[in-house]
Amino acid sequence: MYTVGASAALEHQGRRRRCFGLNIPDAEAGADVVISRLTGAMVLVACALGAAVPAPAQDASAGKAIPAAAASPADDGNWVMPGKDYASTRYSAQDEINTGNVRDLQVAFTFSTGVERGHEAPPLVVGGTMYIVTPYPNRLFALDLTKPGAPLKWSFDPKPAASAQGVACCDYVNRGPAFADGRLFINTLDGQTIAVAAETGRELWRTQLGDINKGETITMAPLVVKGKVLVGNSGGEFGVRGWLTALDAGTGTIAWKAYSTGPDADVLIGPDYKPFYDKEKGKDLGVTSWPPDAWTIGGGTVWGWISYDPELNLIYHGTANPGPWNPEQRPGDNKWTGGIFARNPDTGQARWFYQVVPHDLYDHDAINELLLLDLPVNGAMRKTVVRPERNGYLYVLDRATGEVLSADPYAAINSSTGVDLKTGELAMVEAKAPKLGKVVRDICPTAPGAKDWNPSAFSPRTGLIYIPHMNLCMDWQSSEANYIAGTPYVGAEVRMFAGPGGHRGELSAWDPVKRAKAWSVKEDFPLWSGALTTAGDLLFYGTMEGWFKALDARTGEELWRFKTGSGIIGQPIAYRGPDGHEYVAVLSGVGGWAGAVVVGNLDPRDATAAKGFATAVADLKTKTTKGGMLYVFALPQRR
Amino acid sequence: MSSPCRSAVSLAALAVLTVAACDREEREPRGAPVGDSGPAAITQGTLYAGQPSPPGPSHREYEGNAYHISQGKQLYVWFNCGTCHANGGGDIGPPLMDDQWIYGGTLENIHATILQGRPNGMPSFRGKIPEQQVWEIAAYVRSLSGQTPKAASPGRSDSLNAKPDEQRMPREEPKGSSPGGPNLEGRQ
Amino acid sequence: MTAGTDTAVVRRDGPGLGEAETNARLARSWATPPGLWGWLSTVDHKQVGRRYVVTAFTFFVLAGLLALAMRMQLAGPERTLLSPDRYNQIFTMHGTTMMFLFAVPMMEAFAIYLVPLMVGTRAIAFPRLNAFSYWVYLAGGIMLWVAFILNVGPDVGWFSYVPLAGPQYSPGKRVDFWAQMVTFTEVAALAVAVEIIVTVFKQRAPGMSLNRIPLFVWGQLVTSFMVVFAMPAVMVSSSMLIMDRLIGTHFFNPAEGGDALLWQHLFWFFGHPEVYIIFLPATGFVSSILPTFARRPIFGYTALVLALFATGFLGFGLWVHHMFATGLPHLGNSFYTAASMAIAIPSGIQIFCWIATLWDGRPRFATPLLFVIGFIVVFVLGGLSGIMLASVPLDSQVHDTYFVVAHFHYVLIGGAVFPLFGAFYYWFPKFTGRMLSERVGAWNFGLFFVGFNLAFFPMHILGLIGMPRRVYSYPAGVGWDELNLLATAGAVILAAGVATFVGNVWHSLKHGVSAGDNPWGAGTLEWATSSPPPSYNFTHIPVVTGQEPLWTLPQGLPAQGLPVVGGLRVDQRELLLTTVVDADPDLREPSPEPSIWPLLSALAVTALFIGSIFTPWAVVWGAIPLAVGLIGWFWPKSPPDTPEPVID
Amino acid sequence: MSRALRIGSLGLALCLALPGCQGVQSALDPAGHQAGRIAGLWWLFLGVLAVVYLVVLAGLLIAASRPRRRGVLPNGPSFAREERIERRLTGGLTAWAVGTGAIILTLTGLSYAVDRDILGLTDKAELEIEVTAKQWWWQVKYNDPVPSRSFETANEIRLPVGVPVRIVLKSQDVIHSFWVPNLHGKTDLIPGRVNETTLVADREGRFRGQCAEFCGFQHANMALDVVAMPRDRFDAWRESQLSPAAAPADDLARQGQQVFLSAACVMCHTIHGTTAASRVGPDLTHVASRPSLAAGTLPYSKGNLAGWIADPQRIKPGNQMPITSLSPDQLQGVVAYLDSLK
C-alpha cells in the first residue's frame with residue numbers, strides 16, 4: 001500500500017495550486033501494484049509539472065480551472081483510456097506539435113479497419129502498441145508502433161451475434177477499449193465484455209451481460225477503476241432497464257450491479273446515499289415515480305462516460321433517457337433516469353444523485369462526459385464535476401455533494417428557461433412540451449441534444465473547455481409506444497433542422513470560471529467527433545465531411561486541416577511514440593446517429609428517417625461516404 | 001323515357017370505367033388466405049439454375065385493396081416496424097421507400113422476410129403476427145415505394161407530416177438486383 | 001332595348017295578330033327541337049323542372065328502400081342481415097341521398113317549374129344555366145349511386161366527420177365520391193338559387209309588387225338566398241376534405257395544426273341552414289295549398305313573409321347546437337341555446353297563421369289539405385322536440401340518439417315531405433293535365449301518416465332509454481327490442497304509403513281525369529294558363545292587381561280575363577323585365593335558345609370532378625374541355641336578321 | 001288530437017310497461033346528480049311542450065271541424081276579408097307570439113339554471129379517471145398523484161358512490177362520444193383536444209355506457225360498464241387492481257401463459273407482472289374481474305372468452321383483434337390463464 005502524501009501547497013505567481021493527497025488502495029494483483037505505483041508516481045510528476053508550467057498571464061487576477069489533480073496524473077505519453085485520464089480532460093501534455101509548426105503536420109501512417117460503420121472510438125496507445133476497436137463486429141487490432149508503418153501485431157475477433165445489429169439504436173458503434181494491467185477490455189454490441197491480453201491478443205475471459213432479445217446492447221467504453229471494469233448497457237430506445245455493473249478485471253465476475261430504475265436495493269441506494277436536493281430523497285423513488293411496472297422497461301441506460309475521483313473515491317456516471325420517449329406514457333419523475341450518480345466504486349453504493357432532466361421530455365440522456373475540475377466559484381475553490389449537458393446547459397456540480405453550482409446555456413435553447421440553483425429544478429417551457437398526437441414545432445435543442453456523447457476536452461493551459469456540439473432544432477410528435485421485447489420502444493416522431501443561424505455544428509471554447517464562451521467556431525455539419533487539446537495549445541477535432549482540423553486553442557484560429565477518407569466521428573488522441581515524437585491519431589469512418597443517413601443509405605425524403613436526423617444532414621450523402629481508416633499524423637522532420 | 005335511360009347508362013358506364021378495380025374497396029376483415037409463402041414460394045436472387053422458375057401468382061387481393069393496405073399501415077405502426085424503418089426512410093433498418101430490395105421486393109418476399117427474420121437484425125415475427133396481418137403489412141411496405149395502385153395506397157396520416165404520402169410516392173423501379181440477391185451494400 | 005312606356009300599355013290584343021296566330025308564333029319561337037337532340041338541348045324550365053322532380057323522386061324512393069333495409073336489420077337485436085360495412089354505407093347513402101339528392105333538388109324542382117309561372121313570365125332567368133344545373137346534379141347523383149352499387153359507397157355518415165372521413169381512417173375512394181357528390185349538387189343548387197333570385201327580382205309580371213308576391217315565391221326567394229350563403233361552406237369544406245385525402249393538405253389534421261372541429265363548424269354552418277332550405281319551400285307549399293282549400297286568402301301574409309325572413313336569418317345562427325357535446329365554451333353554447341329556442345317563434349307564428357286561415361275558411365278536405373293537416377300535426381311535434389334539443393343539458397342526453405332521429409324525421413318528413421305530397425296532389429294537374437285519384441290519395445295519406453308515426457314516434461323513447469344513432473346492431477336485453485320492431489312495422493306501412501302514391505301517379509298519368517286550367521279554383525298565376533302550360537307559359541303577360549290575381553277577377557270570369565301587357569316579340573324569345581320593388585315594366589330582354597353546350601359543359605365538369613377524385617391533375621386537364629364547353633356556350637351570336645320585330 | 005294523444009299515451013305506456021325507463025342505459029332512470037337534474041328538466045319540458053302541442057292540436061281540430069256560417073260562393077273563395085275577423089285573428093296572433101316568447105324564455109332560463117347546476121360539480125371532483133377512446137374500445141386510466149398508484153383497465157369504470165369523479169376524455173383515432181345515460185349526458189372525445197366531464201353516482205348499481213358518435217365499423221359495439229360501489233369496496237377493488245397479475249396456479253394456466261407470451265397476444269396486450277406490455281389492445285392484467293368482454297359486446301364468461309379469442313371477427317366484424325391460429329390446446333390454456341386473472 002502506497003500513500004503518497006504529497007500535500008504540498010505550491011505558490012506560483014500569487015496563485016495557489018494544490019496537489020491533493022492521493023490514496024492508492026490495496027492492490028489485488030501484482031500488476032495492479034505496478035500500475036498503482038506508476039499512477040502514484042505520475043501524480044507526483046504532475047504536481048511538479050503543474051508548478052513548472054508557466055500560467056498564462058491573463059489569468060493572473062482570477063482563479064483558474066484545473067483538472068482534479070488526483071484524477072489527472074502527468075502525461076506519460078500513453079493514452080490508456082478514452083478520456084485520457086480519470087478526470088476526462090482529453091488533454092495531452094505533448095507539445096512537440098504546436099501552434100507554430102502544426103501547419104506542417106503530415107500523415108505518418110494509416111490503417112484500414114475493414115469495417116464501414118461509424119467509428120466513434122479513440123485508439124489507445126500503451127507502450128509501443130496502439131489498440132483499435134472497430135464498430136460491430138467489434139474487432140480489436142493491435143498495431144506495433146515500434147516498427148515502421150506500424151504493422152499489425154495481432155487482431156482479435158469476438159464474433160458477436162449478427163442479430164445485435166437490429167437492436168442498436170444509432171449505428172453499431174463502439175466508443176473504445178480500456179486498458180489496465182496488461183489487459184484490454186472491450187464491449188461487444190451483443191452485450192459482452194471481453195478481456196484480452198494486451199501483449200498477445202489472447203482472450204482472457206468474456207462475460208455476457210446484455211440480452212439482445214430484450215434490446216440490450218453495449219456500445220460504451222469500459223472504464224477500469226481499482227481493478228474493476230465498469231460497464232453499462234445501451235438500449236434506452238428498446239425498453240431495457242439501465243444498469244451499470246462492475247466486473248472483476250481479473251476474472252470477469254460481477255462485483256456489483258446498480259440499476260437505474262426500480263427499488264433502492266437494485267439501484268444500490270443505501271445508508272451512504274446523501275443527495276443534495278430534497279427531490280432526490282425518498283424511499284424507492286425508482287418505483288414510485290413510475291406508473292406500475294413501467295420502471296422495468298424504463299431505460300436509464302449507462303452508455304456514456306464515467307469519471308473517477310480517487311481522492312473522494314467516487315465514480316461519476318450519468319443515466320440515459322427514460323423510455324419510451326413519449327413522456328405522457330410515464331408520468332412522474334422517472335427516477336433514476338436522466339441524472340448523474342456518484343457512486344463508491346468498491347461497492348457501487350450511491351453517494352449522491354442529481355436528476356438533470358426529471359421526467360425527460362426530449363430523449364435527453366444525461367450520459368455526456370463528466371470533467372472533474374477544480375474551479376473557483378464565488379471566490380472559493382470548489383471540487384466540481386463539469387458536464388455540457390444535452391439540454392444545452394453547462395452544469396457545474398460540487399462533486400462531493402451533488403449541489404448545482406451553475407448551469408449556463410452554451411447553445412440555443414427554447415425548451416427550458418434555466419435551472420433554479422436552490423432547488424436544482426430545470427424550468428421547462430410549457431408550450432414546447434410534447435403532446436400526444438400533436439406536432440410541437442421548433443424545439444431547441446433536439447433529441448440528440450445540444451451536444452451528444454462526443455466528448456469535450458479541457459486544457460489546463462488555457463483554462464477552457466472545448467465543446468464540440470450541434471445547432472439543431474426539431475419538430476416532435478409523441479405517439480403511443482408499444483412495448484414488444486426486442487423492438488424499439490420510442491413513441492415519438494421527430495424531424496430535425498438547422499437551428500438559429502443556419503449552421504448545424506459549432507465548436508465552443510467555454511471558460512468555466514467566467515461562465516461564458518471565450519470563442520466559438522461554426523461548422524456546417526453537426527459535430528459528432530470528440531475534441532482533443534494539447535500542450536502545444538492546439539485543439540483537434542474532426543467534421544462529418546471528413547476534415548480533421550487543428551485550431552489555436554486560445555483564439556480558435558484554424559491552423560491546419562486535412563481531408564480524411566470518410567467523415568470523422570471518432571475521438572482524436574495525441575501520444576508520444578516510441579521514437580519520442582508526438583503523434584496525433586484519429587479514426588475516420590462516418591456513422592453514428594448523425595451519420596446514419598450515409599452508413600444506412602437512408603432515404604432523406606422521409607423527414608423522420610434516423611429519428612429525424614437523416615433529413616437534417618441529407619446533404620452529407622453528397623459530401624462523404626462510408627469508411628473505416630486510422631490516420632496518424634506527425635511532423636515531417638522525423639522521416 | 002328511353003333517351004334519359006340511355007344517357008344514364010352511358011354516364012354509368014363512364015363511372016364504371018373510372019372506378020374500375022373495385023376490389024380496391026372491399027373490406028374483408030378476415031382477410032383472404034393467400035397460398036403458400038414458404039421457402040418454396042420465394043427466391044432471393046435473380047440467378048436460377050436452368051430455366052428461371054415462373055413467378056408465383058400475384059396477390060392483388062391484398063396489395064390492390066385500400067382497406068388491407070390501410071390496415072397494414074396501422075399495423076406497421078403498432079408492431080413497431082416504423083421504429084426501425086421510420087416512415088419508410090429507414091433508421092436501424094434499411095429504408096423501404098427506395099428502389100433497393102435486399103431480400104426481394106415481391107409481396108411474398110416481404111411476407112417471408114417478416115415471418116422469417118433476416119440475419120443482420122430483422123427480427124422474426126413468426127407466430128407473433130397472424131398470417132393475414134403479415135400480408136397486410138407486406139402490402140403496405142410495397143405501397144411505400146409506390147408499388148401498389150395509387151388509388152389503393154394510403155393518403156396522409158393524421159400525424160406529423162414526414163414525407164409525401166404513399167399515394168403520391170413516385171413508383172420506384174427496382175433495379176436489376178431485385179427480387180434481390182442479398183445485395184448487402186449498405187444494408188443489414 | 002328599353003321598353004318605352006308605350007309598350008307597357010295594358011291592352012287586350014296585339015296590333016296585327018290574332019290570338020291563334022300569336023300562340024302559333026310564340027310556340028315556334030319557344031319550341032324545343034324535336035327528338036333526342038331537343039331532349040338534350042332543351043332550356044325550357046318546365047321540362048327541366050319535370051326532370052328534376054322525376055330524378056329527385058327516384059332518389060327519394062331509392063333512399064327509402066335503403067331505410068327499409070336498415071329497419072329490417074334493426075327489427076330485432078343482433079340481427080345479421082347486413083354486415084356493419086354494408087350498413088354503414090347504407091345509412092350514409094340514405095342520409096346523403098335524402099338531403100343532397102332528394103330534398104334540396106326537389107324543392108328546387110318546384111321552384112324551377114313554378115316560380116316563372118307564378119310570377120307570370122315566359123321563362124326562368126338563365127335557362128341554359130338551369131339546364132346545366134340539372135345535368136350536373138344528375139351526374140353527381142348517378143356517380144354516387146354507381147359508386148355505391150360498386151361497393152364504393154361512402155360509409156362515414158352524411159356528415160362525414162373527420163378524422164373518420166379523413167385519409168387515415170377511410171382508405172380508398174369512398175369518401176371522395178361523397179365529397180365530389182357534394183360539389184356536384186351544390187354547383188347545381190347555387191346555379192338554381194341564382195336563377196330564382198333573378199327571376200323573382202326582375203321577371204315578375206307588371207303589378208306584382210313585393211306585397212303581392214305569392215308566399216311560395218317568397219319562400220323560394222329566401223331559400224335561394226340561404227343557398228347562396230350556406231352552400232359555399234359545404235363546398236369549401238368538402239373540397240378541403242378531398243384535398244386532405246388526395247394531396248395531403250392538413251386542414252383537418254390536428255397534429256399538423258389543423259382541426260377536426262373546423263369540419264364540424266363548416267359543415268353545420270351549411271348543415272343547419274340546409275334544414276331551413278328544405279323547410280321554407282315546404283311552407284310555400286302549405287301557404288299555397290291552404291288558401292285554395294280553405295277557400296280564403298291566407299291570414300297574416302305580412303307576418304308569414306317576416307317569419308320567412310326571420311327564419312332565414314336565425315337559421316345561420318344555430319349551427320353550434322349540433323356541437324354541444326364537443327366541449328366548446330359554455331357561454332358560447334348558451335348563446336346558441338337562445339338562438340335555437342328563438343327560431344321557434346317565427347315557426348309558431350307560421351303555424352298560427354295557417355290554422356287561423358283554416359279556421360276562418362270553408363275547408364274542402366281534398367288530399368292536398370289532408371297532407372297539410374298531417375304536416376301541422378307532425379311538424380309541430382318535431383318542432384317541440386327541437387326546443388328540447390336546443391337546451392344544452394337535454395341535448396347532452398339525447399344528442400346522437402334515436403331521439404334525434406325521431407326529431408329530424410318529424411321535422412323533415414313532417415315539415416317537408418308531407419307538404420311535398422300535398423304539393424304533388426295539388427300541382428300534378430298543372431304538370432300533367434290530369435288529376436290524381438282522390439280516393440287513392442286518401443289511402444296514400446292514411447298509410448303515410450300512420451306508418452310515419454308508428455315508425456318514428458317510438459324512436460323518441462328509444463333515444464331516451466339509451467339507443468344511440470348509426471348502430472348496425474344492438475344487444476338484446478337493454479329494452480330496445482319491442483320499440484324497434486314497432487318502428488320497423490311502421491316503416492313498412494310508410495313504404496306502402498309511398499307505393500300507393502307511385503301507383504296513383506302511374507295510373508293517373510294514363511287514366512286520370514282531365515284537369516283543365518284551374519281545377520282547384522286557386523288564385524295564383526300558374527293557374528291562369530293551360531295544364532300543362534305551353535312552352536311560352538302565357539300568351540300575354542298578365543298584369544297583377546292582388547295577392548291572388550285570379551280571385552280578384554270579376555266573378556265568373558275565366559282566367560283569360562286577366563288584364564295583360566303587350567309589346568313583347570313573338571318571333572323571338574323575349575322576356576319582360578320589371579323593377580325590383582314595384583314590378584313596373586322596365587326592359588325587354590332576349591332569352592336564350594336551346595343549346596347543347598350546357599350538357600357538354602356539364603359533361604366536362606363531370607369528367608373534371610370525377611377525375612379529381614383520382615388525381616389532382618384532372619383539375620388541370622379537365623379545365624380544357626370545360627373551357628371549350630363554356631366558350632361554345634357563350635359564343636357571341638350576331639343579332640337575328642329581323643329588321644321588323646313582330647310583337648304581340 | 002285524439003290520434004296524437006293516443007300515440008303519446010301509447011308511448012308512455014310502452015315506456016312504463018317495458019323495462020324501458022328503468023334501464024341500465026336510460027336517461028330517464030337517473031342514478032347520478034346530473035342525470036337526475038336533466039331528467040327533471042326533461043319531464044318539465046315535456047309537460048310544458050305537451051300542453052303547447054295539445055293547444056295546437058285542439059286549435060287545428062276546431063279550425064278544421066267547426067261549423068261554418070257562410071255558404072259557398074259561386075267562384076269558390078271568399079275575397080271579402082272581414083275586418084273584424086282579421087283584427088281578432090291578428091290579436092290572437094300577437095297573443096300567440098307573446099305567449100310563445102314567454103314560454104321559450106322560461107324554458108331557456110330553466111335550461112341555463114340546470115346547466116349551471118351541473119357545471120357546479122366540476123370543481124368538486126375527488127378522483128381523476130382518464131378515458132381514451134380507441135376504435136372500438138375504451139382505455140380507462142385511474143390517475144394518482146403518485147404515479148405508481150395509477151393503473152389501467154378497459155371498458156369498465158368503477159366509481160365510489162357519492163364521490164364526484166373527473167373524467168378526462170381523449171381520443172387517439174377518430175371522434176367518439178362518452179355517454180353513460182344513467183349518470184350524465186355525453187361529451188365527445190376528439191383527437192387533438194382534451195375534454196372533461198364529471199360523474200357522480202348517487203346509488204350503487206351497474207350501468208351501461210356507449211359510444212354515441214359514429215366511429216366506424218364497430219361503433220355499435222363500443223360500450224362500457226360503469227359500476228358504482230360503496231367507498232370501501234371501491235378502495236378494495238382499487239388495491240386489487242394495483243397488484244400485478246396473478247401468477248398462473250396450475251399447469252394448464254402456466255402453459256396458457258407461455259402461449260400468451262409467445263403468440264400474437266403479446267403483440268397487443270399488457271399483463272402487468274409479465275413481459276407483455278403492448279398498448280394496442282386492452283390491458284388484461286385483471287381481465288377476469290370485468291363484467292364484460294370486447295367493449296360490452298359479451299358478458300364475461302369463460303365460454304364467451306374462448307369464443308371471442310377463437311373468432312373475434314365473427315362476433316365483432318372489422319374489429320382490430322385478429323383471428324389467431326391457436327390450436328385447441330393452446331386456446332384452452334390461454335383461456336384458463338386469462339380466466340385466472342381476477
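How many residues of chain C are in contact with how many residues of chain D? The contact joins 82 residues of chain C to 83 residues of chain D. Two residues are in contact if their C-beta atoms, placed from the backbone, lie within 7 Å.

## Ground rules

This is a predicted model: local features need pLDDT of at least 70, side-chain atom pairs count only at pLDDT 80 or more, and totals for chains, interfaces and linings use all residues. Residues are numbered from 1 along each chain as its sequence is written, while chains are lettered from A and ligands numbered from 1 in the order in which they are written.

## Where chain C touches chain D

Again, 82 residues of chain C are in contact with 83 residues of chain D. Several helices of chain C give two or more residues to this side, including H4 (84-119), H8 (260-294), H11 (344-360) and H16 (481-511). H11(C) provides the largest share, with twelve residues. Helices (H or I, at least four residues) and strands (E, at least two) are DSSP runs, numbered from the N terminus.

The side of chain C that touches chain D holds 49 nonpolar, 24 polar and nine charged residues. Here Ala, Val, Leu, Ile, Met, Phe, Trp, Tyr, Cys and Pro count as nonpolar, Asp, Glu, Lys and Arg as charged, and the others, Gly among them, as polar.

## A hairpin in chain C

Strand E3 (residues 574-578) of chain C is largely enclosed by the rest of the structure, because four of its five residues are buried. A residue is buried if 20 or more other C-beta atoms lie within 10 Å of its own, exposed if 12 or fewer, and partly exposed in between; C-beta atoms are placed from the backbone.

E3(C) pairs with strand E4 (residues 585-590) of chain C in the antiparallel sense, over five bridges. Two strands pair if DSSP finds at least two bridges between them. C:Glu574 faces C:Pro590 in E4(C) as its opposite. Six residues lie between the two strands of this hairpin. In the turn, C:Ala583 has a positive phi of about 60°.

## Chain D as a whole

Chain D has eight helices and twelve strands. Its C-alpha atoms fill a box of roughly 95 × 45 × 40 Å along the principal axes. The radius of gyration of chain D is 28 Å, but a compact globule of 342 residues would have one near 20 Å. That radius is taken over C-alpha atoms, and the globule rule is 2.2 Å times the number of residues to the power 0.38.

Of the 342 residues of chain D, 49% are buried. Among contacts in chain D with a separation of 6 or more, 66% join residues 24 or more positions apart.

## Strand E10 of chain D

Strand E10 (residues 223-229) of chain D is mostly covered, with five of its seven residues buried. Strand E4 (residues 156-160) of chain D runs parallel to E10(D), joined by five bridges. D:Glu156 stands opposite D:Asp225. Strand E9 (residues 205-210) of chain D pairs with E10(D) in the antiparallel sense over six bridges. There, D:Gly205 has D:Ala228 as its bridge partner.

## Two domains in chain D

Chain D is divided into domain 1 (123-242) and domain 2 (251-339). Domain bounds come from an automatic or database domain assignment. The C-alpha centres of the two domains of chain D lie 22 Å apart. Their contact takes 20 residues from domain 1 and 14 residues from domain 2 of chain D.

E10(D) gives the most to the side of domain 1 that touches domain 2, with four residues. That side of domain 1 of chain D divides into nine nonpolar, six polar and five charged residues.
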